[in-house]
Every structure is written in C-alpha cells, then in structure tokens.
Amino acid sequence: MNGRRIAADLKITARGYLRNPVALFFALVFPLILILLFGLIFSGGSAGPVTIYTQNFDHQSPASQAFLSALNNTSAVRIQLVPASVGNLSTYLGQNGYAVGLVVPAGFASNYSHGVPVHVTLFTNPQAASSAGIALGAVQGVANAFNLAIACPPLKDCQLISIANQNVGSNVYTYIDYLIPGLIGFSILTSPMFSMVDVTSSYRKEGLFRQLSLTPLTRAEWLTSRILWYILLTFLSAAIMLGIGLGVFGAHVTVSLEILPFLVLGPFFFVALGMVAGSAARTPETAAVIGNIITFPMMFLTGTFFPVSEFPPALQLVARVLPLYYVIDGMNQVMLFGNLTAAGLDLLVILAASVVVFVLAIVLFRWRDE
Amino acid sequence: MPSAIEVRGLVKEYGPVRAVRGISFAVPEGSVFAFLGPNGAGKTTTTEILEGLRRPSQGEVRVLGRDPWTEGRALHFETGVIPQDFHFFEKITAREAVEYYSALFHVRPKADDLLARVALTDKADARFDTLSGGQKQKLGLALALVNDPRICFLDEPTTGLDPHARRAIWEVIRKLREEGRTVFLTTHYLEEAQLLADRVAIIHRGQIIAEGSPGEIIQAHGGPARLVVAGGPAVAEFFRGREGVAPTVRDGQVEVPIRSKEEGLGYLDALRSSGIPWGGFTVERDTLEDVFVRLVGRMDDGVLKSEGAA
C-alpha cells in the first residue's frame with residue numbers, strides 16, 4: 001500500500017465524480033430532497049391516534065379485552081399490545097422512546113365483577129403533553145363508562161376502575177428524529193452501491209482495469225481510494241442532513257463522536273459489497289440487476305424511512321438479516337437512545353460483515369484475466 | 001544486439017480453442033517489430049501475454065529478461081502500453097490523465113512535454129469524452145510514455161483513424177525508434193508495417209507464417225517484378241509474339257513479368273524499335289500487402305480444401 005498512489009487515485013476519482021451530475025444528485029441532492037419531503041409531510045405532529053403500548057396481565061378475561069377494545073374504538077388512541085416478557089413497561093417505554101403506556105393488572109376482571117376497586121396504570125410523558133392529554137382523556141372516558149355500567153348500590157363509591165397516572169422519564173422522539181439516522185443510512189447504502197456496481201462492471205468492459213493493472217497501482221490501493229472517497233461523501237451528506245434536521249425541523253438527536261464508526265464502516269461495507277456485485281456479473285446490465293436486488297430491500301426495510309419498531313413482527317425479522325439495519329439501528333442507539341452498548345453490538349455485526357465482504361471483494365475482483 | 005523480447009513455443013488456449021499454436025520469435029532491442037495478421041489471428045492474445053495481462057498456456061516468454069505474468073509489476077516500470085481501443089475516465093482531461101499516471105509511476109509530471117510529443121497540446125484541457133478517436137489514441141500514447149519505457153507495446157494504434165491522425169501516430173513511432181526504444185506494434189495495415197517496421201511477423205490462425213524484414217518477406221514470398229507498359233492491343237500483340245512471354249492486359253496497360261533488369265531493358269528496346277505507339281512504363285513489385293493476401297489466401301484455401309476432404 002502506497003499513500004501517494006492512493007492519494008493520486010482519490011484525486012482523480014473525486015474529479016470524475018464531481019463532474020458527474022447524476023452521481024452528485026444521487027449522493028447529495030436526493031437525500032436532501034427526501035429529508036425535506038418526508039420532514040414536511042410528517043412534521044405535522046399528532047396527526048392520527050396516539051399509540052398506547054399496553055401490557056394486559058389479565059388477558060384471558062373478556063372484561064379486560066372489552067376495556068381495551070373500547071379504548072381502541074375511541075379513535076383517539078390505538079392499543080398496541082406488548083408482551084409481559086418485555087418486563088417493566090416504564091423501562092420498555094424509555095428504551096424505545098415511546099410516550100404512552102398502559103398496564104392492566106392481573107385480576108382486573110374478577111375485581112371488577114366483584115365490586116373491588118382496581119387500578120390501571122397509565123404512563124405518560126410530560127414532554128409529549130398533547131398525546132398524554134389525549135391518552136388520559138380516552139382512558140378516563142372508557143373507565144367512567146365501565147363504572148357506570150355496573151349497578152351501583154346506594155352510598156357506595158362506585159369508582160371501581162381508577163387510573164394511576166405515572167410519568168415516564170423517556171425522551172419522546174418525533175418522526176424527524178428517526179428520519180435523520182434513517183436517511184444517513186439511506187445514502188450510506190445507495191451512493192456506493194449504485195455507482196460501485198456500475199463502475200466495477202463497466203471499467204472491466206472498457207478495459208480500464210487492465211489499463212490500471214499496467215501501472216504500479218494495486219487492487220487494494222484502488223479499493224482503498226474508493227472507500228475513502230465514499231467515507232468522505234458520507235460525512236458530507238450526514239452533515240447536510242444533520243444541518244437540515246436540526247436547523248429546519250428542530251430534531252432532538254444527539255450528535256456525538258460515537259456515530260463516526262458507523263459513518264466509516266457503513267461506506268466501507270457497501271463499497272466492498274458493490275464491488276462484489278459488480279465483479280460477479282459478466283455484463284454491466286446483469287450487474288445492475290444484481291445491484292438492485294441487493295439494494296432495494298434495504299432501501300425500505302431497514303429503518304430508512306420508518307422505524308423498524310413500527311413494522312409488523314415478520315418484517316422486523318427480515319430487517320435483522322439486512323446489513324443496513326445494523327448501521328441505522330446503531331446510529332439510532334447513539335443519536336436517539338444513548339444506548340452505547342446496543343450500538344457497540346451493532347458495530348460488531350457490521351465489522352464482521354465488512355471483513356467478510358472485503359475479503360470476498362479482493363478474491364473476486366480481478367484486474368486481468370488468466 | 002540483445003533481444004528485448006524472446007518468445008519460444010508459445011501456446012495459448014481458451015478452453016478448447018487454441019488461439020496461439022506454438023509461436024517463436026525474437027525482437028532485437030531498439031527495433032520496431034510489427035506483428036501482422038487478419039482479425040482473430042492471435043495478435044492481441046500474443047500482445048497481451050507479452051504485456052503480462054494474460055497467462056501463457058505453454059512456452060516461454062521473456063520481456064527484458066523477465067516473465068511478464070509473474071514479474072509484471074517490476075516490468076511495468078519499463079514498458080508502455082496502448083491497448084486496443086484505448087479508454088480512459090470520461091470526465092478527466094488529457095493533462096489530468098498524464099498527471100495521474102505520473103503520480104502512479106512516481107515520476108515528475110511533464111504533461112506539456114508529453115502532450116506536445118503526441119501533438120495533443122491544443123486538447124490538453126479537454127475531457128476524455130470530448131476527444132475524437134485519433135485524439136484518444138494520442139492520449140493513450142502519451143500515457144504509455146509517462147514512465148519513459150524501454151519497450152512500447154502498441155496494439156493496433158491506428159485502427160479506425162483518419163489518414164492525418166494515422167500519420168501523426170507514425171511520426172511518434174519513428175521518434176520512439178530514434179530514441180532507441182523497442183516498439184512492438186500490431187496492425188492490420190500492411191502499409192504501416194512496411195513503412196515503420198525493421199522486422200515483421202505474419203501470424204495467421206495462431207501460427208507465424210512468415211517472418212523477416214519487409215524486403216525479405218517480399219523477396220521470399222512475392223512474385224517477380226513486372227514491367228507495366230501503357231498501350232493498346234497492338235502492344236499486347238507485340239509481347240505475345242515473343243518467345244516465352246505471357247502478358248496480361250488490364251485497363252489499357254500491359255504487364256509482363258521480368259526476371260532481371262536486362263530483360264526489362266531488352267523489352268523496352270525492342271518495343272521502341274518496333275514503331276508501335278505506347279505511352280510510358282513503370283516497374284512494379286509486390287508490396288507486403290500483396291504477399292500477405294497471397295499467403296493468407298493460400299492458407300485459407302488449403303484449410304478449406306482439407307476441411308472439404310474430411
């Protein structure tokens with residue numbers, strides 16, 4: 001590896017790239033359009049029902065189910081059931097950045113039918129005052145209806161179902177907060193994949209690799225220069241998106257040095273993957289097809305435009321086999337949840353995948369034929 | 001003179017196809033060697049093996065004493081190559097391309113000098129995708145010279161170029177020879193080989209069918225010289241009347257083979273004394289092209305016959 005040659009190749013790569021309007025558009029302008037577009041569409045705040053993450057410890061009983069479906073029917077809130085296995089609901093809400101939660105205790109139905117008072121616990125977040133208000137109103141309303149439905153003997157307190165309201169200390173995230181790491185991930189994926197697949201296959205077709213093989217430049221130096229270039233582009237597009245996100249949409253994400261490994265390893269992985277895809281095909285046309293087959297599922301299923309936690313469970317499983325998921329999840333852990341342990345695990349996954357793909361790229365990618 | 005290139009028993013197979021079938025030749029240092037052959041004869045395969053781009057199936061290849069396949073990296077500091085159909089990064093200018101190559105070879109960039117040598121100074125700041133075919137080839141030539149090579153491999157450097165651009169490339173090749181560099185040239189323009197090359201090898205169907213200086217090849221494989229006289233049927237009649245002469249008539253010209261200059265002078269003397277009107281004369285010899293067409297044609301006929309028999 002020779003730094004001077006890598007620098008020379010980086011310079012010529014940058015020149016070629018900066019003079020190619022299409023490549024520039026997809027690398028820098030397109031993600032910008034996406035963040036503006038999605039930001040404007042979804043920054044309207046509490047449009048739609050407030051989601052209440054609910055643990056029902058009395059789930060066998062018709063009464064508890066009736067209570068929850070009555071809540072669902074208010075159309076102001078939507079019940080999202082959370083299994084008891086996630087443990088303490090308050091912690092769960094905090095980890096996931098959810099604002100509202102509800103716990104229906106065990107024995108809810110029997111207490112209710114025997115006239116014994118019972119508490120449901122509603123967790124709300126003072127930061128998200130409007131959704132807290134909506135949720136409290138809805139739960140209160142349904143509880144009142146249930147209380148009235150029971151024949152109340154005279155002189156007896158018939159407030160059978162009462163609400164214990166607890167604050168949950170989590171940060172509440174808006175759509176734009178998820179969109180920033182998501183779209184940084186989007187450009188980490190798309191700009192190397194689209195152009196590396198094309199470059200690898202068309203340089204081979206035009207004999208440019210053979211041309212380069214007659215110079216002292218080595219394959220590893222060439223690959224390194226490309227990786228450096230896409231890391232540079234990623235820094236640039238991440239800076240633009242953070243600027244727009246924080247400046248225009250007032251996103252509250254943490255910008256810290258811990259996102260750097262993702263901005264370095266992400267492009268590293270996808271440059272190598274693009275080369276593998278480009279080397280595997282015989283013609284630029286098949287290469288483009290292979291590239292698209294790899295790229296498109298990741299463009300939509302890994303938390304680019306919507307958080308994976310909002311996906312149906314089956315799709316969440318699909319997301320977890322796609323490498324970009326770990327890049328975006330890792331950035332979410334750093335920028336939103338401040339969970340560096342989880343981010344570190346994501347990083348390990350990407351690192352392992354990168355090593356595998358880099359080795360594969362070096363093995364598959366040939367300057368010259370036999 | 002030591003050999004810059006030595007090839008012995010070179011065979012290259014692509015699966016069942018034998019593209020090169022055991023060829024041997026040597027190129028003396030400082031000479032221009034032209035490798036001729038019809039399309040698909042094995043020219044480019046052989047050239048790419050010499051450049052280190054392909055691995056030989058059998059045989060021995062030495063370029064400046066090195067094995068190009070295993071010692072390519074060292075060799076590339078001493079060789080310059082224009083591949084057939086030279087391409088470069090589309091958005092990069094000629095000057096930037098030379099600077100890039102200079103940095104890769106770790107030599108001081110002399111873009112102005114090199115571009116002037118190939119007559120591309122006026123396009124120094126034009127991007128590659130705006131250059132014409134001839135200008136692209138000239139840039140390829142400039143890049144091949146960045147590392148001041150001892151051997152230049154030029155694979156069909158003038159194919160598809162207009163006569164003006166072709167002549168400009170020829171000038172550069174002559175200059176390279178004057179500077180003492182070895183030039184290995186492939187072409188299917190026979191005129192080019194005859195004008196530029198010290199030695200020529202004709203390859204056909206993977207085998208060398210003739211080798212030597214252009215003069216030697218014409219001597220060995222060409223027909224006798226011909227006296228061509230401009231004149232009408234009377235002139236043809238005059239030659240037909242002579243013992244052992246078989247004239248051919250074409251477009252008001254009469255051609256007679258001559259074995260020596262005395263024989264030719266004898267014919268002209270006799271013609272002048274006969275009083276038959278005639279226009280003038282020239283003496284024609286086979287060109288390399290005539291020899292090439294005859295050799296390749298004869299081989300193809302032979303192959304067709306043997307295929308027909310089988």
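**Entry 1: a helix pair in chain A**

I began with the residues that meet: Leu273(A), Gly274(A), Ala277(A), Gly278(A) and Ala280(A) of H10(A) touch Ala287(A), Ile290(A), Gly291(A) and Ile294(A) of H11(A). I took two residues as in contact if their C-beta atoms, placed from the backbone, lie within 7 Å. By class, this contact of H10(A) with H11(A) has six nonpolar residues, three polar and no charged. Ala, Val, Leu, Ile, Met, Phe, Trp, Tyr, Cys and Pro count as nonpolar, Asp, Glu, Lys and Arg as charged, and the others, Gly among them, as polar.

The model is predicted: local features need pLDDT of at least 70, side-chain atom pairs count only at pLDDT 80 or more, and totals for chains, interfaces and linings use all residues. Residues are numbered from 1 along each chain as its sequence is written, and chains are lettered from A and ligands numbered from 1 in the order in which they are written.

Next I looked up the geometry. H10 (residues 260–280) and H11 (residues 284–301) of chain A pack at about 140°, with axes 8 Å apart. That angle makes H10(A) oblique to H11(A). The cut-offs are under 35 degrees for roughly parallel, over 145 for roughly antiparallel, 65 to 115 for roughly perpendicular, and oblique for the rest. Angles run from 0 to 180 degrees between N-to-C directions, with axes fitted to C-alpha atoms, for helices over the stretch in contact. The crossing of H10(A) and H11(A) is right-handed; that is, the near helix is turned clockwise from the far one by less than a right angle.

**Entry 2: chain B against chain A**

The contact takes 21 residues from chain A and 20 residues from chain B. On the chain B side, helix H3 (residues 94–105) gives the most, with six residues. That side divides into ten nonpolar, three polar and seven charged.

**Entry 3: a sheet in chain B**

I traced an open sheet of four strands in chain B, with antiparallel pairing and the order S11-S12-S10-S13. Strands pair if DSSP finds at least two bridges between them. S11 (248–250) and S13 (280–284) of chain B are the edge strands. The twist averages 25° from one strand to the next. Six bridges join S10 (residues 225–230) to S12 (residues 253–258) in chain B. Ala225(B) stands opposite Ile258(B) in S12(B). Helix H9 (residues 233–240) of chain B packs on the sheet and touches S10, S11 and S12.

**Entry 4: chain B overall**

I noted eleven helices and 13 strands in chain B. Helices (H or I, at least four residues) and strands (E, at least two) are DSSP runs, numbered from the N terminus.
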